[in-house]
Every structure is written in structure tokens, then in C-alpha cells.
Amino acid sequence: MVNGKSKNRDVWKLVSLLVIAMYGLLLIYPLCRLLKEAVIVNGHFSLEGFATFFGQSYYVKSILNSLKVSVSATVISLVIGVPLAYFYQMYEIKGKSLLQVLIILCSMSAPFIGAYSWIVLLGRNGIFTQILSKIGIHVGSIYGFNGILLVLSLQLFPLVFLYLCGALKNIDNSLLEASVNMGCSGIKMFLKVVIPLCMPTIIAASLLVFMRAFADFGTPLLIGEGYKTFPVIIYDAYFAETGGDHTFGAAVSVIGIVLTAGIFLFQNWVSNRHHFTMNAMHTIERKQAHGIKGVLIHLYCWLVVALSFMPQIYVIYSSFQKTSGKLFVKGYSLDSYKFAFTHLKKAIPNTFIIGLLALAIVIILAILIAYLVVRRSNGMNKVIDTFSMIPYIIPGSVIGIALVLSFSKRPFLLSGTMAIMIIALVIRRIPYTIRSSVAVLQQIPISIEEAAISLGSSKMKTFFTITVPMMGNGIISGAILSWVTIITELSTAVILYNARTITLTLAVYTYVSRGSYGIAAAYATILTLTTILSLLIYMKVTGNKEVTL
Amino acid sequence: MSVTITINDAVKKYGNNTIITDLSLGIKEGEFFTLLGPSGCGKTTLLRMIAGFNSIEGGDFFFNDVRINDMDPVKRNIGMVFQNYAIFPNLTVEKNVAFGLKNRKLSKEEIASKTDQFLKLMKIEEYRDRMPERLSGGQQQRVALARALAITPDVLLMDEPLSNLDAKLRVEMRTVIKEIQNTVGITTVYVTHDQEEAMAVSDRIAVMNEGDIQQIGTPKDLYQRPANLFVSTFIGRTNILKSRLEVKEGNAYIILPGNHKILLETLLEEEKKPQEIILSIRPEELFVQEAGKEGVKAVIDDAIFLGLNTHYFVHFEDGEKAEIIQESQIDSILEKGSTISLGIKTYKINVFDKDGKRNLIKGVKNDLDLYNGAK
């Protein structure tokens, strides 16, 4: 008995060591390598890269641009998303299931698809631009800051919406009744009670939106024109120096990490000051919205969703348009799909092979790490917890560059392989899946495991036969959402891919940047359909129509 | 300040499902009035209709002479204590108490002094800067009460406020609640399913079952002269025995197991006729006769010593079971299996018709008749 116990403990210790080793090799080593590349030039310590960056206003301005874009996008996402979630949870909205599915779909598409469709809709030769100018309305330029802001806000408000819906579900109805009782109702209640109660979630959602906006580079690349943001600079710096040394690219990446880490710590500090817990015995009951108020609420919800879903509809529509070369012509055809299926044949299977392998690894690692963190809390496992959260705050392109730097030479020659794509996806996605697994595991009382052990099941057997199955539903639902984000991931993959490892998202990106919009639309439509299908499966599996992140 | 509450013919429906049909009652100014009943009897529903959180499908609700049916809950000037306290988790104790005052646009000094006054009254001054999650259940309860009272409401509504506390704290807090209500003198409507708690705090109690009020009265009325079988079983413990009435020479007798006849002097005159009845005899209304005295024969199945009292579980000759409570004696407890002879405090027992709908004893007070008669 005593022997068996110590043996089992060794197994978990072994798992801890293996996980630490993995993080050491695949995350810490690349980051150190990146730092070394940034400060060592020709074998000597040098801050040349940093000097170049801060010496030119062009570069420094990109940071300001990025901050401006990210702060604005965060504010607008909150302004759109918070009232939307409030209306959605407080009132009976007609077609609310469809509304929610559409909102989720908006958040799941790659942002650059939105950027590209908005150019087609509202750009210089855009469809709406032309219609509107015929009736005498001239829309301002959507290139540059405005365009980036439009696309990112419409892309990111769904995250605020989903987070806030979760928070609103945790508000006990009696809190609102108490507020009404003490003379505070309507808009006043929304501002003075609901918003403060949701503050921790609003802060968390803000960080997520900010980080996504800050790290996004597809959108500014397409619609930003002269308006350079930080990730674009990183990307440019990396590709300008391919083959040569990466001092400047690495230096820019390091600056990026410092910036995002600073923002993360600031958010942490703010959220610690706003920390409290809520637990709803009676959740808020949706009310019927009557009269003019009801009309306005419906109008708001559906207009916002229509506006943000329009690009997707347009992309699907244009995938069936006839093309001549790179131009759309009158009439419809399936040529874009024919081309899509005959060229880049690997894109579709790659998407599934890379995506599913990454997903499988993410799930297994996340379960193990969640177990270590929740049930075997010790020094080593706290280190794992911290390591696993690092990728959360590092822009995807920086992780891409760090991996390329580390694994392009023997003995770790991985660049250009599927393996490096999978590693990147796993590292990038795992923080989210770990968080959800930890949350699920914390809800399972340890006494159930103790009961199994007291009935003679070994600790390992208990883990596999009791704990994992009980986590099952939570893991599956988390995994499907991870899957959707894995297949739409761009910023890391764009640095790591080549012709053999191209995926659907990358194919869309490639053809958009080549100007072949019809083919890009075909790939994008396939991607969107895959996403929709995944979400439908998610809803089937979890048995509800509510998605919470 | 305090108001009377009058409810005439209230109706509550959820869709086609009628929860409350035609309910009337009146609550006096400054009264501590309790709605008592098993879960699902409609007591919380009624409370929330008064508060304005449930719609009213029929009838009229008045505070004094003001009809409040369509009045916004914000304007009803009600203080409410919720089952889970509904304390804002993001605000300190002090800010929770000041919340309602701030909405009244009072001056800063007034808010501060009122907040202080009620923090002191509820003895939670020392926790004023604490966040709610660092308070115990009893302390949270005090915050909820302070917050509800600080706005000097016309009516205080409490929805099972003690149900989340442990047994000891529940007893302590109900004394606090009663004292505060006495001090403030506010009309209070209190909802609970715990009859002992209701008896401890209330001036009057309305016993509810399946959406109807069974009886309204003081705790003493309800316990000693319940209006029907439901009230007699719901309030306190009692032994229910089927029996019949016999009348001889103008005197009514009840027939007990073993064909034991007992003269019943408390019966209503008009009920003095042979009929099937249901007896409700509380455990303390039975007593063990001294040796040799005649009584109802019973055999002891079990005895439980609880300190002050000893409970005996017995069965009669016909197999019916009963519970007896005796003040504990210094000499030994009666042996299991021994046969005893029971006496009955006949002036205390209650007698119902065979459906259990009516009490046939004199002196039943049911204020419900006042309100149903008033319409």
C-alpha cells in the first residue's frame, strides 16, 4: 500500500517534470533565444536593434498607433457589447438563438476577412460607396485608422458580449430587485448596479479585446494602408531580414513582449482591486420588452449583428460570383471553388490534420496541467501554471518569430514542418483550454476522488476512470471552441508556414494579398462553413444554445 | 409613517395556472404579520405582489387608502430583505447601507448620519469598511436589514430571511429582528415556512396552503384553536385520531380507542349531534395517569429523553399510534412495552368535522372572516 502510493506520486512528479521540460524547450528557450538575438550582434552585446527602433519616429509612431487602435477598439467593443449583452439577458429578444449564433460566428471569423469585405463594401470602389455617392452621400475613407477600428470593433465586440452574458447570468435577480426597491431602476440601475457588478468581467474582457486588437496584424495590413501598427512592423522587420540576422526583428519582438506584459500587469492590478465573487441562486428572468422600448431594443440588437455579419454574407455571396482573372464579372459560377479545390490541394487536409493534432495535444496537456494545478498544488506546479499563461500575453507573431529563431538549425530543425505549426498552435491555444479545465475541475469535489480511492481504486485509475470522465463535458465544449480558434489562427502561422503546410486561413490570406478575391472568398466560405458546423456540433454536445467562454 | 396594508380578492396567475385565487387580508399599522405555509403555498408570490416584483392579475392592494396595483416598485417605499440577502458584493457594508439613501437625493450629511444610525442599530459599525464576502451569514443578515430600514420605508418585507443561517444563529437573529421591528415600529410582512420562527416573531400569522389563507390569528389562537385540520397539523405537533361523537342527555361524548367515552364540554351547541369527527390532541394534552386511575389504555413503544421533557411513543388497543410529552421526572423513565393508562386534558383538545375543514370547538378566532366578510 505504502509502496503503491509513493509510486503513484512519482508518476505525477514525472508528469510535472515532463511538462516543465516541454515548456522549457518550446517556450522559454525560444523566448531566451529571441532575447539573445535582440541584444547580441556578431557575438557582442549591443542595443543596436533597440536604438534603430527608438531612433526613428516611424517605428515609435507604430507603437502609438497600435495603442490608439487597441484602446479605441476596446472602448467601442465595450460600448457595443455591454448593452447588447444586457438587452440579451434582460429581455426576450425575438430570434435570440439565431442572434447568438450569429454573434459567435462574427467573433470566430478571421479579422482580415472582415477587413477585406469592408474594403469591397465601403472602399474606394466599394458597392455601398458607389450607391451612396449616387444619392449624394460621401462616406469618409475607411482606410487607415477608421477602417482598422471599424473592423476590429465589429470583430471583437462579440467577445465582450459572451463574457458579459456569463457575468449577467451570475447576477442574482434579487440584487436587481433590491436596487429597484431602494429607488434605483432603469438606466440608473444599469449604470449604478449592473455595470459595477460586472466590473471584474468587463476588465477581463477588456484585456482580451485589447490583446487581440494589439496583436492583430491581418487587419492593419489590408485596410491600414499607410497606418502602420506594431505587429505589422514586427512582420515587416522579420521578412525584411529573412536569411540574414534577426537583430531588429527580435528587438521589436522584445519591445512587444514588454509592452503587453506591462498591460497585463496593469490589468491584473486593476482587477485585484475590483475583485469579488458572485453566485446566483435565482438568475435574472428575461422580461418582455413592450412598446417603443421593445422596438428600440430589437432594432439595436439586430442592427449591430446585421452590420457585423454583413461581411461574412458578402464573402459567401462573392464566392459564387463569376470571375475573370482577378476581377468579378456579371453572373455566377463555381469556378472559384473549382480553382480552390484544384490548387493548394493541401490546404483543406492540412487544416484538419494540423488542427486536430494540435487540438488533441491541447486537450491532453490541458487536462494534465489542470489536474496538477488544482489537485497537486506545489512549487513546481505553480511554475507550470505561470508558464502556461505566458503565451496569453505574447503577440502571436512574436511566438512565431521566437520559434523560427530557435528551430531553424540543427539539432532542432523543425522550420517548414507541420510539427512547428502544431507546436505554435498548442502553445498559443493552451492557456484558454487550461483555464476552462481548471474551472471544471474546481467544481468537482475532491471527496468523489477520495471515495474512489477508499474503495480501492489506485490514484491513476481514479484519475482516468473518475476524474477525466467527470470533466468530460466541460473539456469537450472547451475543445470545440479551441478548435474553431485553431483553424482561424493567422498571426503565428503566417510566419511559420510554407507551401507544404498551408492551411485554409493562410490560403485566404494568400489570395487576398494577391488580389484574387473570388478564390479567397471560396476558401473563406469553406472555412466559415467548417466553423458553423463545429458550432452546431458544440451546441449538440453541450445540449444548450448558450456559449460561454 | 407606517401604513396599513389591505388586500382584496387578490388573484395571481402564471399563464393558465392560477396560483392564488381570491385572497383577502388586512395588516394593521406597525404590525408584525407573517405569511406561513409549506413551500409552494404562494406565500412568497404574495409577498412579491406587495413588493411589485410580481404582476397582479386581479384584486386590489392598498397601502392606507392608496391603491398600489400599478405603482412602480421604485415608488412604493418598501424596504425588502431577501432570502439570500442580495447584498451588493462589490460595495462595502457602509456603501450597501447608504445605497438607497443616495437614490433619494439626500444631502451628504443626512446620508452619513442615517447610515451611521442604522449601522449602530444593527451593531455592524465595526464592519463598515468590509466587503460582504468577508462577513458571516448573520452579519450579512444585519447588513441587509440595516439597508432595508435605512430608507425609512412604509413597509418592511422579509422573504425567508433566516433560512440560510444555521439553527443557533436563526434563533439569535429572530430575536434581533423582533427587537428592531419593535423599536422602529414599522408594518412588517414576513414570509417563512418555519412555524416555530413564525410564532416567535409575529403579532399575527396567516397560515397559507395551496394559494389560500387557512386562518389568520395570533400565535396563541392558531396553536390552541386552529380553524381546521391543516392548521392544527402545520402549527406544532399533534396526534390525529379518527373518532365519533355521541350525545346523551344533552351532553356530547367523544369515543376513544377501547370504547373509552369522554365528556366534551367545549363543543359548539349546534354541533351536538352524533357524527364522525377527527380529534387533534397535542402530545402535551395527554398525560400518564397515576396507577389505578382509569384512562385510555396504551402500550409504550419507545421513549426519548430530551432533558426538560420526555417523549413517549405509544399505540392504543386499536393499533393507532400517538406521541405523549411529559415533563421529565426524577425517577426512572417508563419501560418500553409497559401498559399505561392515559388521561386527556379535554378542555384543550380540538375536534374537527370528518373532512377536517371546520373546528367544532367554541372560541375559534379566524380573522380571515373579517376580511372575507368585508367585501
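**Entry 1: a sheet in chain B**

I started with one pair of residues: Leu36(B) has Thr192(B) as its bridge partner in strand 8 of chain B. For the record, this is a predicted model, where local features need pLDDT of at least 70 and side-chain atom pairs count only at pLDDT 80 or more, while totals for chains, interfaces and linings use all residues. Residues are numbered from 1 along each chain as its sequence is written, with chains lettered from A and ligands numbered from 1 in the order in which they are written.

Next I looked up the strands around that pair. Strand 3 (residues 32-36) and strand 8 (residues 187-192) of chain B are joined by 5 bridges in the parallel sense. I noted that strands are DSSP runs of E with at least two residues, helices are runs of H or I with at least four, and both are numbered from the N terminus. Two strands pair if DSSP finds at least two bridges between them.

Which order do the strands of the open sheet have? I read 6-7-8-3-9-10 in chain B, 6 strands with mixed pairing. Strand 6 and strand 10 (212-217) of chain B are the edge strands, each pairing on one side only. From one strand to the next, the twist averages 15°. Helix 4 (residues 137-150) of chain B packs on this sheet, where it touches strand 6 and strand 7 (155-159), and its direction makes about 175° with that of strand 6 of chain B. Axes are lines fitted to C-alpha atoms, for helices over the stretch in contact, and angles run from 0 to 180 degrees between N-to-C directions.

**Entry 2: a hairpin in chain B**

Strand 1 (residues 5-14) and strand 2 (residues 17-27) of chain B run antiparallel and share 7 bridges. Ile5(B) faces Ile27(B) of strand 2 of chain B. The two strands make a hairpin with 2 residues between them, and Gly15(B) in the turn has a positive phi of about 65°.

**Entry 3: two helices in chain A**

I then moved to helix 4 (residues 96-108) and helix 7 (residues 145-169) of chain A, whose axes come within 7 Å and cross at roughly 125°. That is why helix 4 of chain A counts as oblique to helix 7 of chain A; angles under 35 degrees are roughly parallel, over 145 roughly antiparallel, 65 to 115 roughly perpendicular and the rest oblique.

Which residues of helix 4 of chain A meet helix 7 of chain A? I found Ile103(A), Ile104(A), Cys106(A) and Ser107(A), and they meet Leu154(A), Gln155(A), Pro158(A), Leu159(A) and Phe161(A). Ala, Val, Leu, Ile, Met, Phe, Trp, Tyr, Cys and Pro count as nonpolar, Asp, Glu, Lys and Arg as charged, and the others, Gly among them, as polar.

**Entry 4: where the parts touch**

Chain A has domain 1 (1-45 + 322-549) and domain 2 (47-319), with bounds from an automatic or database domain assignment. In chain A, 40 residues of domain 1 are in contact with 45 residues of domain 2, where contact is C-beta atoms, placed from the backbone, within 7 Å. Helix 23 of chain A gives the largest share of the domain 1 side, 10 residues.

Last, I checked the two chains: 19 residues of chain B are in contact with 19 residues of chain A. The chain B side has 13 nonpolar, 4 polar and 2 charged residues.
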